[in-house]
Amino acid sequence: MIMFSLNLPNADITYFPEIFNTKESSIFYTQLLENIPWRQDEITVFGKTYPQPRLTALYATNNLTYSYSGIKMEPLPFTNTLNTIKEKVETISGNTFTTCLLNLYRNGQDSNGWHADNEKELGKNPIIASVSFGEKRLFKLKHKSLNLKHDLELENGSLLLMKGTTQHHWLHSIPKTRKQKTERINLTFRIIK
Ligand SMILES: O=C(O)CCC(=O)C(=O)O
Ligand SMILES: [Fe+2]
């Protein structure tokens, strides 16, 4: 399987462009788009409340909640489709995940602001396994204290693995774009226990 390790300081990030082929990806994409109960939550940032600029859903193999940006999400039980994807990601990464946060970017105006996945539920050096289906979108990384940036396109059927100290030193985002974009589904597998 093709993989690229990003050569960035204080980070451990690996990109696998095609863990699922085009046919598998299109089956997962349609099944997730149609069957996930997508919802738009309100987030609170610096005391102000906004509708989140994308749709989300949370699934877990346990009953542990996940809180970020003032939202506390209660998980749904894993589905067969999500389990199939999770097993592939576990084989590649050598980790067992408990939780999957899904994001649906409806068009180029949907986005994910600068953040690190450093919630206390995730533990000290979280491993985040991020799978993408559908439209490709730019994924931006910026170092918290050094003047360093890196951009990557996350493609249909790809996996991005972030681990080690990455979340301590780097922020990431999916910016809005004026380019014409159709739907993109992202699944971020996490460990909460
Ligand atoms: O959509 C993506 O690729 C990033 C998602 C993300 O950073 C998150 O859910 O924490
Ligand atoms: Fe994130």
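The protein holds 3 helices and 16 strands. Helices (H or I, at least four residues) and strands (E, at least two) are DSSP runs, numbered from the N terminus. The radius of gyration is 16 Å, close to the 16 Å that the globule rule gives for 193 residues, so the protein is as compact as a globular protein of that length. This radius is taken over C-alpha atoms, and the rule is 2.2 Å times the number of residues to the power 0.38. The model is predicted: local features need pLDDT of at least 70 and side-chain atom pairs count only at pLDDT 80 or more, while totals for chains, interfaces and linings use all residues. Residues are numbered from 1 along each chain as its sequence is written, and chains are lettered from A and ligands numbered from 1 in the order in which they are written.

The C-alpha trace spans about 40 × 40 × 40 Å along its principal axes. Of the 193 residues, 31% count as buried. A buried residue has 20 or more other C-beta atoms within 10 Å of its own; an exposed one has 12 or fewer, and a partly exposed one lies in between, with C-beta atoms placed from the backbone.

Strands of a sheet pair through backbone hydrogen bonds, either parallel or antiparallel. Here, an open sheet of 4 strands has the order β10-β15-β12-β13, and its pairing is antiparallel. Strands count as paired if DSSP finds at least two bridges between them. The edge strands, β10 (112-115) and β13 (149-154), each pair on one side only.

The bridges can be followed across the sheet. Strands β10 and β15 are joined by 2 bridges. His115 has His172 in β15 as its bridge partner. Between β12 and β15 there are 4 bridges. Strand β12 (residues 137-143) pairs with β13 over 6 bridges. Lys140 has Ser173 in β15 as its bridge partner, and Lys140 also stands opposite Asp151 in β13.

Side chains alternate along β15. Trp170, His172 and Ile174 point to one face and are buried.
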